[in-house]
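Q: Could you walk me through how to read this fold? I'd like the general idea each time, then the case at hand.

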Amino acid sequence: MFVLELAYTAPLEAVDAVLEQHVAWLDEQYRQGVFLASGRKNPRDGGVILAVAGDRARIEEITAQDPFVTAGVCAYRVTEFTATKTAPALEAYRESL
């Protein structure tokens with residue numbers, strides 16, 4: 001499992017200019033079962049995504065395709081972790097050490 005932290009690297013006007021494309025990209029990742037949750041940070045200086053994938057390389061490939069990245073308005077920090085405890089709704093994503 002991965003925590004993806006987005007940090008905006010451009011003014012909000014530039015971020016908002018590609019927001020519609022970013023949301024379409026998010027929707028596709030949800031359809032593929034990669035993203036579990038996402039949203040803006042408060043204050044609005046980036047966002048957070050909870051994701052699942054076979055390995056970090058796949059996550060890095062996916063984040064490189066984010067319209068925010070290709071437009072140069074954000075950078076990602078990727079944190080991989082082992083989800084040994086989850087809410088019942090996320091039981092399928094539990095892992096053992």
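Q: By class, how many nonpolar, polar and charged residues does the lining of the largest pocket have?

A: Quick ground rules before that. This is a predicted model, where local features need pLDDT of at least 70, side-chain atom pairs count only at pLDDT 80 or more, and totals for chains, interfaces and linings use all residues. Residues are numbered from 1 along each chain as its sequence is written, and side-chain values use heavy atoms, with hydrogens and water left out. Now the idea: rolling a probe the size of a water molecule over the atoms shows where empty space is left. Here a pocket is an open set of points on a 1 Å grid over the protein atoms alone where a 1.4 Å probe fits, with protein on both sides within 12 Å along at least five of seven lines; lining residues have an atom within 4 Å of a point. The lining has eight nonpolar, five polar and one charged residues (Ala, Val, Leu, Ile, Met, Phe, Trp, Tyr, Cys and Pro count as nonpolar, Asp, Glu, Lys and Arg as charged, the others, Gly among them, as polar).

Q: Which residues lie nearest the centre of the largest pocket?

A: Tyr8, His22, Leu26, Gly39 and Arg40, out of 14 lining residues. Two or more lining residues come from each of β1, α2, β2 and β3 (helices are DSSP runs of H or I, at least four residues, and strands runs of E, at least two, numbered from the N terminus).

Q: In what order do the strands of the sheet come?

A: In general, strands of a sheet pair through backbone hydrogen bonds, either parallel or antiparallel. In this open sheet the four strands go β2-β3-β1-β4, with antiparallel pairing (two strands pair if DSSP finds at least two bridges between them). β2 (35-40) and β4 (74-80) are the edge strands, each pairing on one side only.

Q: How many bridges join β2 to β3?

A: Five, with β3 covering residues 46-51. Ala37 stands opposite Leu50, Ser38 has Ile49 as its bridge partner, and Arg40 has Gly47. On the β1 side, β3 pairs over six bridges, and there Ile49 partners Leu4.

Q: Where is Pro43 found?

A: Pro43 sits in the loop between β2 and β3, a hairpin with five residues between its strands. A cis peptide bond joins Asn42 and Pro43, with omega about 10 degrees.
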